[in-house]
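This briefing is meant for someone looking at the structure for the first time. Please keep the sequence and the 3D view at hand while reading.

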Amino acid sequence: MKAEEIKVVVSEQHTVSALLLRPADAWAMYVFAHGAGAGMRHPFMESMSRTLASAGVATLRYQFPYTEEDRSRPDPPVVLEATVRAAVDAADNAMGLPLFAGGKSMGGRMTSQAYSQEPLQGVRGLIFFGFPLHAPRRSTISRASHLDRVSVPMLFLQGTRDDLANLDLMKSVCAALGSRATLHIVEGGDHSFKVLKRSGRDETAVMGELRDTAVAFMRKLADKEQPV
């Protein structure tokens, strides 16, 4: 299956590239933002998109302007959030499928920040692959302060060895969000969901766990009738 390359217009200043991967049996669409240090073609993004496609979930991966323009420093939050919104709008207009959004690390956080400012059109739930709760060794929850303004269900997929999300703090954040938050813990996973060899698991097993958890979350919400 080959991804279709498209363009997403963010503003008069910025147009970014995107990759649309839609299996023939697609029943949901996930708008998938990349992390701070790598673009939409990163191996994790590629692998996760293809394993989701194997379960009937289409994906739209997209660049932020700084990666599109080959810059290392991320754009200001207002630009990142505008890009999220433009990508969601493009997916909503083009696909006609139950819509979900989120991303890897920073991409997921920017998606939730955009939603906290104004709900993302058509999005039924947010999925975070490694929510970056804090900088390494900082152990604060200030990056989660906006989540109480997100009204849709949220799935947090977090590794036990993630140095950007102290697990006890992550549990407390999710508990405070109540029924809107689901926390799935990947035993032995780091921020990139890599596990140690002694765990007895390989990348395929971990990616399958991530896929199955995300698909179950989406399936439950896709089967619900959306409020008018």
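The model is predicted. Eight strands form an open sheet with mixed pairing, in the order 1-2-4-3-5-6-7-8. The edge strands, each pairing on one side only, are strand 1 and strand 8 (181–186). On average, neighbouring strands of this sheet are turned by 20° against each other, direction ignored.

- Strand 1 (residues 4–9) and strand 2 run antiparallel and are joined by six bridges.
- The link between strand 1 and strand 2 is a hairpin of five residues.
- Across this pair, I6 has A18 of strand 2 opposite.
- Strand 2 (residues 15–21) is mostly covered, with six of its seven residues buried.
- Strand 2 also runs antiparallel to strand 4 (residues 57–62), and four bridges join the two.
- In that pairing, L19 stands opposite R61 of strand 4.

- Strand 5 (residues 99–104) pairs with strand 6 (residues 123–129) in the parallel sense, over six bridges.
- Here G103 is placed opposite F128 of strand 6.
- Strand 6 and strand 7 run parallel and are joined by four bridges.
- F128 has F156 as its bridge partner in strand 7.
- Strand 7 and strand 8 run parallel as well, with six bridges between them.
- Opposite G159 stands V186 of strand 8.

**The burial of strand 7**

- Strand 7 is largely enclosed by the rest of the structure, because six of its six residues are buried.
- In a regular strand, side chains alternate between the two faces of the sheet.
- In strand 7, M154, F156 and Q158 point one way, while L155, L157 and G159 point the other way.
- The residues on both sides of strand 7 are all buried.

- Helix 6 lies across strand 4, strand 5, strand 6, strand 7 (154–159) and strand 8.
- Relative to strand 6, helix 6 runs at about 165°.
- The buried residues of helix 1 are F44, M45, M48, S49, T51, L52 and A53.
- These buried residues of helix 1 are covered by elements including strand 2, strand 3, strand 4, strand 5, strand 6 and helix 6.

**The largest pocket**

- The volume of the largest pocket is about 440 Å³.
- Its lining has 21 residues, and those closest to the centre of the pocket are H42, F44, K104, S192 and K194.
- Helix 1 (43–53) and helix 6 (203–222) each supply at least two residues of this lining.
- The largest share of the lining, four residues, comes from helix 1.
- By residue type, the lining of the largest pocket divides into nine nonpolar, seven polar and five charged residues.

- F128 stands opposite G103 and is the bridge partner of F156.
- G159 is buried in strand 7 and stands opposite V186 in strand 8.

Methods:
Residues are numbered from 1 along each chain as its sequence is written. This is a predicted model: local features need pLDDT of at least 70, side-chain atom pairs count only at pLDDT 80 or more; totals for chains, interfaces and linings use all residues. Side-chain values use heavy atoms; hydrogens and water are left out. Buried means under 20% relative accessible area, exposed over 50%, partly exposed in between (1.4 Å probe, protein chains only). Two strands pair if DSSP finds at least two bridges between them. On a 1 Å grid over the protein atoms alone, a cavity is a set of points where a 1.4 Å probe fits but cannot get out, and a pocket is an open set with protein on both sides within 12 Å along at least five of seven lines; lining residues have an atom within 4 Å of a point. Grid points are joined across faces, edges and corners, and a volume is the space filled by probe spheres set on the points. Ala, Val, Leu, Ile, Met, Phe, Trp, Tyr, Cys and Pro count as nonpolar, Asp, Glu, Lys and Arg as charged, and the others, Gly among them, as polar. Axes are lines fitted to C-alpha atoms, for helices over the stretch in contact, and angles run from 0 to 180 degrees between N-to-C directions. Contact means heavy atoms within 4.5 Å.
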